[in-house]
Amino acid sequence: MDNDVSAGSTATTSSVSTLGQLTLGLTLLAFGLGHTAVIDGVTAADAVSVATYVGGIALFVAGLLALREDGFTGTAFAGLGAFWFTWGVGAGEAVSANAAGLFLLLFALLALSLTLGSAGAGVFARGTYGLLFVAMLLLAVAAFGDTAGLAKVGGWFAVAGGVVAWYGATAAMSGLPTVLPGRAAGRGGVTAAG
């Protein structure tokens with residue numbers, strides 16, 4: 001009987017993790033594309049609804065559900081859900097560039113902690129958190145320096161993080177490849193001539 005309960009818990013955690021990665025990926029895509037200005041008339045402010053409801057509430061709830069089974073995943077999703085909700089709710093507020101930069105810098109530190117803490121996680125989780133860290137750091141520096149070009153670069157890093165998270169979640173649901181092809185050990189190497 002314990003095996004049935006354990007198997008159900010693992011399936012639930014896996015589903016919650018997939019849901020969390022999917023919501024994080026979609027939110028990062030919307031947020032990043034808004035910063036890149038690659039789509040005419042679409043800005044980061046247009047991502048507010050996605051950030052508040054998908055990235056904020058859904059990701060936070062996924063974090064709470066995952067927290068019991070996997071402390072790292074639960075912490076990551078709940079922390080990032082809090083970031084997205086706060087950003088989405090406060091996006092229309094009049095704040096100084098330095099206050100916006102500080103907010104992004106503080107959550108860049110969260111992303112750095114997640115990057116360093118994800119050593120045992122899969123390549124997609126590590127990649128997503130690493131790209132998120134770089135994006136937040138670049139966006140923070142851009143806010144401090146009022147540099148639109150640097151904000152666009154930060155937006156592209158957010159887009160890349162969103163694609164990695166989205167693909168990781170999609171691969172988990174559909175059985176797509178989740179490892180990079182590599183060379184087998186010992187093949188194609190230099191051999192000693194006799």
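The paragraphs below describe a pair of helices and then some aromatic rings. The model is predicted, so local features need pLDDT of at least 70 and side-chain atom pairs count only at pLDDT 80 or more, while totals for chains, interfaces and linings use all residues. Residues are numbered from 1 along each chain as its sequence is written, and side-chain values use heavy atoms, without hydrogens and water.

Two packed helices are described by the angle between their axes and the distance between the axes. Helix H5 (residues 123-145) and helix H6 (residues 148-174) have axes that come within 8 Å and cross at roughly 165°. Helices here are DSSP runs of H or I with at least four residues, numbered from the N terminus. That crossing makes H5 roughly antiparallel to H6 (an angle over 145 degrees). By class, their contact has 17 nonpolar, 6 polar and no charged residues.

The structure also holds 9 aromatic pairs, where rings of Phe, Tyr and Trp (its six-membered ring) pair if their centres lie within 6.5 Å; planes under 30 degrees apart count as stacked, over 60 as edge-to-face and the rest as tilted. Phenylalanine 72 and tyrosine 129 have ring centres 6.0 Å apart and planes at 75°, so this pair is edge-to-face. Phenylalanine 72 is in helix H3 (residues 71-90) and tyrosine 129 in helix H5, 57 residues apart. Tyrosine 129 is buried, at 1% relative accessible area, whereas phenylalanine 72, at 25%, is partly exposed (buried is under 20%, exposed over 50%, partly exposed in between, with a 1.4 Å probe and protein chains only).

Ring pairs also link Phe31, Phe83, Trp84, Trp87, Phe103 and Phe107 into a cluster.

Technical notes:
Axes fitted to C-alpha atoms, helices over the stretch in contact; angles between N-to-C directions. Helix = DSSP H or I, 4+ residues; strand = E, 2+ residues; numbered from the N terminus. Parallel < 35°, antiparallel > 145°, perpendicular 65-115°, else oblique. Nonpolar A, V, L, I, M, F, W, Y, C, P; charged D, E, K, R; others polar.
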